[in-house]
Amino acid sequence: MSRYNAKATEAKWQKVWADAKTFKTDTNSDKQKYYVLEMFPYPSGRIHMGHVRNYTLGDVVARYRRANGFEVLHPMGWDAFGMPAENAAMERKVHPADWTYDNIANMRDQLKQVGFAIDWDREFATCDAEYYGKEQQLFIDFFKNDLVYRKESWVNWDPVDNTVLANEQVIDGKGWRSGADVERRKLSQWFLKITDFADDLLDGLKTLDRWPDKVRLMQENWIGRSEGLKFDFTVDETGEKLPVYTTRPDTIFGASFCAISADHPLALKLAEDNAEMAAFMEECRAGGTTEEAIEKAEKKGFNTGLHVQHPFDPEWKLPIYIANFVLMDYGTGAIFACPAGDQRDLDFARKYDLPVIPVVLPEGEEEAGFTIGDEAYTGPGKMINSRFMDGMAHTDAKAAMIDRAESEGWGERTVNFRLRDWGVSRQRYWGTPIPFVHCDDCGVVPVNSEDLPVKLPEDVSFEKPGNPLEHHPTWKHTKCPSCGKDAVRETDTMDTFMDSSWYFLRFVTPDAEAPFEAGAVNEWLPVNQYIGGVEHAILHLLYARFFTRALNHVGRTDIKEPFEGLFTQGMVNHATYKDTNGDWVFPELVRNREDGTLFRSDNGLEVTEGRIEKMSKSKKNVVDPDDIIDQYGADTARWFVLSDSPPERDLLWTESGIEGAWRFTQRVHRMVLETAKDLPAAGTAVPTDLSDSALQMRKAVHKTIKGITSDIENLHFNKAVARIYEYANAVSAKSEGAGSAEVKREALETLILLISPMMPHLAEEMWKELGHDSLVSEANWPKAIEEFTVDNTVKMAVQVNGKVRDTIEVAKDMPKDEVEAVALASEKVKNFIDDKTIRKVIVVPGRIVNIVAN
RNA sequence: GCCCCUGUGGCGGAAUUGGUAGACGCGCGGGAUUCAAAAUCCCGUUCCCUUACGGGAGUGUCGGUUCGAUUCCGACCGGGGGCACCA
């Protein structure tokens with residue numbers, strides 16, 4: 001018997017599907033709709049195993065839903081704008097567009113080889129003017145609805161390359177290319193008012209019950225809603241107001257200083273004639289801006305010499321410091337500090353020798369001896385040293401303080417968010433141009449919609465540092481859309497997260513004149529199952545949720561949430577290898593010696609195996625999907641990425657694992673070919689009279705259908721794979737007598753149907769081998785016949801004092817007392833009860849009997 | 001620093017969510033087939049004691065709740081992730 005030729009067979013069926021447009025979606029179908037989407041890829045050049053895993057997961061869902069009668073939308077596109085294309089342009093002198101479209105062509109070919117059930121007719125790239133022109137339209141819509149504004153904002157500035165750097169391009173405070181010290185600069189930039197939706201984005205999380213809890217929690221923390229008190233201090237020396245926000249108004253009598261951000265207006269004003277202070281503020285700005293950097297940095301301050309009056313005692317003066325841990329973006333950019341109740345404040349107070357007054361007494365502590373050492377106390381407790389709040393629980397004190405401030409009129413209850421508005425300006429070429437014009441007379445004016453898209457100029461140079469749009473000779477010179485006078489185009493382009501915030505809408509009606517057709521979008525959205533990496537848990541998913549709300553707000557859709565179900569898959573890992581020179585070695589070059597040591601096949605150097613890590617080019621622990629498909633076929637690769645690990649966890653890629661998967665594809669092929677000729681014709685009914693072994697097999701068939709169906713519904717693909725292995729063993733078992741041939745056919749056909757979402761090419765080939773003229777991709781998902789999924793008897797463990805001593809097989813519906821009698825009758829059990837007295841017998845029907853004796 | 005996740009044989013992982021721990025796969029050992037190999041098939045495989053029959057221990061560590069804990073609670077130890085211009 002010939003072996004299964006995966007390569008030829010897979011190409012054959014891919015052509016059949018493509019020619020027949022098997023996976024084309026009818027947007028206006030009457031069938032129940034199901035939208036399954038994997039996060040679209042960045043066209044980096046070649047697909048990697050992470051892509052194979054991601055798109056295979058989605059493909060199983062898509063094919064499974066199709067088989068269950070849904071009209072499935074499963075599209076593919078390209079997240080095609082972004083920095084790597086510009087880097088390639090600089091390094092290799094290729095145009096970003098050429099580089100990107102070449103990469104797309106490559107990756108499209110690669111993806112098609114894996115045999116995904118995708119409607120390729122809907123494909124687009126976000127760098128198509130056709131796409132980003134619509135995005136510009138939406139941006140102008142948002143502008144007209146007051147969701148877009150401009151403000152000054154800080155950027156990382158590379159003074160040598162004359163360019164704005166992304167955080168990842170700043171390494172130890174230096175520009176990644178120039179090595180120059182990075183400066184912070186203020187630029188006028190475009191923002192989207194995501195904060196308008198902060199409460200709604202938070203509330204919406206509660207409705208997303210098919211999202212991982214982890215992702216919802218991350219978003220919740222990101223939005224960071226807090227309730228507190230906002231009030232004005234009075235600056236003692238000047239009488240000015242200094243607004244502060246605090247989430248701990250209960251600790252106000254523990255206040256020992258006031259801290260303001262280095263970007264605070266008061267600080268800026270004071271620094272005008274204080275060079276030392278200005279230098280300190282510069283130093284604050286030079287530090288990292290990430291939360292981590294701020295939290296880890298040493299707490300430093302600069303005494304302004306000014307004071308504020310305590311709100312409850314005008315004679316009580318608190319010094320005002322400029323501090324490096326206070327952010328201008330959060331709250332009012334000014335805080336009062338209670339060192340006893342906040343670690344940062346405490347570190348600061350110790351450093352500058354400021355008072356530390358405990359105000360919250362932990363339970364079990366005596367007020368008399370209680371002091372704060374090196375650790376602030378942030379937990380619950382009773383108020384002390386706090387006048388009218390003394391004795392209250394700290395939470396009650398917080399409410400009482402806010403109430404008092406409000407009734408006395410000097411402060412107000414305030415909800416604050418950590419979430420900041422979304423800065424979408426990028427000073428780069430390869431992105432969606434922001435469709436605005438700067439006119440001396442009319443100000444900032446949107447481009448007229450009939451003039452969209454504002455296309456990127458093609459003749460650009462990356463020789464000069466900085467934004468190519470900025471120094472293009474003609475592109476930015478235009479006429480004002482409003483008054484017609486000479487004017488200048490905006491040269492900022494949009495954050496690529498804009499592009500990925502609505503692509504899932506465009507897929508529904510990819511040829512629409514408008515960005516999308518609302519009617520169809522309202523029918524198809526939200527996406528029923530969205531699948532992608534957890535690295536997008538916050539930004540992409542939050543921006544997409546915001547964008548969807550914004551579109552709803554401007555009247556373009558009826559939907560609020562874009563993704564009903566979310567699944568975040570794990571990474572693909574592989575062992576790392578290093579040779580004796582300390583160079584990383586590709587796994588394909590590593591060979592085994594008899595004694596278990598490793599060497600390089602190309603130069604014979606000794607190799608040691610290192611840690612298991614995420615596949616990455618830098619460590620060379622990568623396996624190229626093309627090589628795997630070439631060697632084993634796409635089905636084997638698909639089968640392997642589905643097996644072994646739960647999809648939400650990391651997958652360990654191993655040579656032996658992929659070989660195991662390959663053996664199974666061969667096994668299925670062999671099982672069908674060896675047996676097909678002896679089977680009754682396709683469509684033969686299974687008789688009701690069955691021999692014992694035939695009945696046994698039929699039960700396995702229907703139990704398996706039931707199990708696999710539930711596994712796939714719950715995305716437990718690794719369990720489905722394990723169950724199919726078990727099932728294959730059952731189908732291979734001998735069965736003879738009445739009905740055995742008919743059951744064998746049913747069993748084999750079921751096997752093929754069940755693997756068809758996972759190994760579609762093999763399934764197609766075997767379906768034909770079993771005598772079918774139709775495509776298995778068009779076949780219905782098998783239905784379990786309930787009567788064959790249940791057994792009349794059940795095996796139960798019998799424990800004595802919690803230890804299993806025997807198992808009994810009893811009728812499924814046997815009453816408890818009878819089960820107990822059977823259990824007690826067991827010789828083995830009797831031996832263990834011995835002369836002990838039976839105190840209690842617990843019978844859990846169908847599960848266990850536990851006899852407690854002593 | 002803060003927040004979150006995770007820990008089960010030699011390995012990846014199952015365990016109907018409080019009810020027989022180790023399904024299934026990989027690896028390993030033994031056997032069959034073969035002139036031989038590849039491929040394939042069968043048997044065994046948590047650890048310790050025992051020829052066997054059996055018995056004991058066991059889900060990172062230490063406690064707790066329970067008739068019963070991989071599962072729930074507390075503390076600790078190890079590994080991983082996120083923290084605003086990478087996408």
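**Charged residues**

1. D98 is partly exposed, at a relative accessible area of 47%, where buried means under 20%, exposed over 50% and partly exposed in between (1.4 Å probe, protein chains only). This is a predicted model, in which local features need pLDDT of at least 70 and side-chain atom pairs count only at pLDDT 80 or more, while totals for chains, interfaces and linings use all residues. Residues are numbered from 1 along each chain as its sequence is written, and side-chain values use heavy atoms, leaving out hydrogens and water.

2. The whole structure holds 54 salt bridges, each being a side-chain nitrogen of Lys or Arg within 4 Å of a carboxyl oxygen of Asp or Glu. One of these networks of salt bridges links D200, R545, R549, K560 and E561.

3. K485 forms a salt bridge with D441, with the closest N and O atoms 2.7 Å apart. This pair links distant parts of the chain, 44 residues apart, with K485 in the loop between β21 (477-479) and β22 (486-489) and D441 in the loop between β19 (436-439) and β20 (443-446). K485 is partly exposed at 41% relative accessibility, whereas D441 is exposed at 53%.

4. E749 and R745 form a salt bridge whose closest N and O atoms are 2.4 Å apart, and both residues are buried. They are separated by about one helical turn because they lie four residues apart in helix α22 (residues 740-755).

Terms used:
Chains lettered and ligands numbered in written order. Helix = DSSP H or I, 4+ residues; strand = E, 2+ residues; numbered from the N terminus.
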